[in-house]
Amino acid sequence: MYQNIKSPMPSKIRVISLSAFISLLLSFVILSVGLYLYLLKDLEEKTLTAESILTDRMDTILVELKGVAQSATLSCEKEDVRNLIEKSFYSPMFKEYGLFNEDYRVYCSNFGSQTFTIYSSIADRIKESKDGITVSLVQSNTLGHQTFFAFYQGENGIGVNGLAPPKSLVVELEHLFSTQYPYNLTVGKRVLSSQEANSDYSVLSQRTVTLDEWTMSLVVSLSSYLYWDYFCQSIPLFAILWLLLFAICCAIFWSVLYYRYSLPHSLRKAIKEEAMDVYFQPIISLNDQKARDMEALIRWKSPYHGQVSPLTIIEIADRLGLIDDLTWMVIRKVGCFYRENSAILEGVSIAVNVDRHSLLEESFIPNLQGILAEYPELKGRLGLEVTETSALNMSDLPIMVSQFERIKALGIELSVDDFGTGYSGLDFLRRFPYDVLKLDRVFVSSFQDDQFTRQILTSVTKLARELNMKVVAEGIEEQEQLDAIKELGVDSVQGYFFSVPLPGDQIIQWLEEKTQK
Ligand code: C2E
Ligand code: MG
Ligand code: MG
């Protein structure tokens with residue numbers, strides 16, 4: 001009856017292809033973003049280094065220019081010219097110097113007397129500068145089309161300009177950025193670009209450094225070219241990352257699926273959603289052959305595991321701490337059953353199985369009262385069947401007795417279930433005021449042949465009668481068993497001989513047929 005159906009877990013191929021796809025996507029995202037962040041950091045660091053290189057370089061230039069200005073006069077005699085030649089000879093950067101006066105007229109250079117005026121825009125920048133300095137990138141007769149000029153005007157009005165090939169200014173920057181990071185160096189008003197700055201690429205990010213006093217600024221770019229170059233180089237890393245993530249994804253998928261499709265998880269969900277069924281088995285009174293009582297039995301067909309045995313349900317629910325929830329669910333379903341079939345169930349009591357440990361809990365009685373208030377049709381018709389599956393702790397004894405009294409005060413009949421198999425003995429019966437004693441079916445099956453069982457059952461029924469308890473024999477499957485058990489003088493019988501446990505609608509049909517007969 002309780003066989004497993006094929007689990008509808010997603011196939012291995014689906015899990016593997018999904019893991020492969022997700023890990024591929026993740027590897028791509030991780031690598032793309034990681035690489036971008038790495039290059040941004042590198043750009044940041046290189047730009048900071050470039051800033052300190054430029055600052056140092058301009059500081060050195062200023063020292064050089066100040067040195068020339070200090071030794072200069074307003075004349076351009078041979079001595080002055082020689083002085084300029086000597087200074088440029090020893091300069092690591094400048095190939096030529098020029099001297100200018102307060103009117104920004106160049107009157108002397110390495111090549112002797114000169115008479116030309118510095119561009120007004122350059123003169124303005126010198127005037128605006130706190131230290132009397134600026135730079136520009138203009139044509140010169142000696143160094144050609146683009147010559148780097150650095151200007152300094154001392155407090156005495158004598159100014160110096162140094163001329164150098166632009167390369168000497170950026171040689172360290174070229175080395176720092178190599179071909180990787182294109183940059184634009186603005187010198188005065190003109191822009192000096194790295195070779196790559198002109199190539200065809202899109203800019204992903206930029207960093208800017210400014211040397212305001214010198215009217216210089218440096219813009220360094222992170223190009224898409226560099227990014228893709230690095231990306232292509234990272235393909236082996238990408239493959240390793242993909243493999244690693246694939247393994248992790250597979251492991252996560254399998255564990256999640258294993259958990260989702262596991263029996264405990266499905267059972268927890270079913271109890272929470274009250275997605276279980278309750279079947280009913282009639283208990284026949286031997287007095288008038290009527291089904292005055294029924295037992296409610298849990299049934300559950302898991303979508304993934306098929307029909308699950310009630311004993312397994314109880315064991316797992318107990319382990320998950322959900323046994324009480326299960327009890328309340330069954331009692332509620334019994335309440336609904338009464339509500340929907342009030343006429344035919346008139347005078348029929350239904351007993352629900354309860355775990356003994358649940359009875360000991362403080363909250364048991366209030367919860368029970370709550371359900372009785374919710375389903376008034378249960379009042380006077382609900383019974384509880386308790387199986388003594390473990391020995392009762394001596395300290396629990398008084399609690400148990402008081403709980404029994406409170407339950408009985410609610411009009412609920414208490415049965416001792418599976419009597420003879422658990423821990424319930426004759427002494428136990430005396431201590432607890434049960435209303436019904438249910439003889440376990442192992443007795444019924446061995447009753448006919450075993451003289452010893454016959455003797456035990458005779459004394460048990462005698463004692464039950466003395467204690468005003470009704471006796472029910474469980475597990476009657478054949479007419480012979482029924483005949484034999486009748487001799488014992490039990491009150492009621494239950495078993496497949498009369499009916500197997502049936503779902504609500506079928507038991508109603510069974511009751512109707514029985515009434516008609
Ligand atoms: P139980 O309370 O002793 O219930 C009687 C069991 O005997 C039922 O098994 C019933 O189907 C079976 N039975 C009835 N007549 C015959 C018969 O003639 N021959 C045979 N071989 N079996 C018969 P089921 O439904 O498998 O339940 C097994 C046990 O699971 C129950 O034993 C009860 O201890 C527990 N159980 C079932 N439903 C619940 C529930 O809602 N709550 C709790 N706590 N336990 C439950
Ligand atoms: Mg029972
Ligand atoms: Mg039983």
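Which residues does Leu437 touch, not counting residues up to four places away in sequence? Select Leu437 and look around it. Val416, Phe419, Leu429, Val460, Ala464, Met469, Lys470, Val471 and Val472 are the residues it touches, where contact means heavy atoms within 4.5 Å.

Before moving on, some ground rules. This is a predicted model, where local features need pLDDT of at least 70 and side-chain atom pairs count only at pLDDT 80 or more, while totals for chains, interfaces and linings use all residues. Residues are numbered from 1 along each chain as its sequence is written, chains are lettered from A and ligands numbered from 1 in the order in which they are written, and side-chain values use heavy atoms, with hydrogens and water left out.

**Stop 1: the cores**

Now select Met276, Leu384, Leu437 and Val493. Within the largest nonpolar core, which has 82 residues, these four touch the most other members. Such a core is a set of buried Ala, Val, Leu, Ile, Met, Phe, Trp, Tyr and Cys residues joined through side-chain atoms within 4.5 Å. Helix 9 (residues 323-340) gives this core its largest share, 9 residues. Helices (H or I, at least four residues) and strands (E, at least two) are DSSP runs, numbered from the N terminus. Next, pick Val68, Cys108, Val135 and Leu226. They are among the 55 residues of a second, separate core.

**Stop 2: helix 8**

Go to residues 310-319, helix 8. Pro310, Ile313, Ile316 and Ala317 are buried here. Buried means under 20% relative accessible area, exposed over 50%, partly exposed in between (1.4 Å probe, protein chains only). Show helix 7 (263-272), strand 12 (291-302), strand 13 (306-308) and helix 9: they are included in what covers the buried residues. Just after helix 8, Gly321 has a positive phi of about 70°.

**Stop 3: the magnesium ions**

Select ligand 2, a magnesium ion. Its protein donors are Glu295 (OE), Asn353 (OD1), Glu385 (OE) and Asp417 (OD), 2.0 to 2.1 Å away. Donors are N, O and S atoms within 2.8 Å of the metal (3.2 Å for Na, K and Ca); water is not among the atoms, so sites may look incomplete. Glu295 in strand 12 and Glu385 in strand 15 (residues 382-387) are 90 residues apart. Glu295 counts as buried, at 4% relative accessibility. Glu385 is buried too, at 1%. Finish at Asp417: it bridges ligand 2 and a magnesium ion, ligand 3, and the two ions lie 3.9 Å apart.
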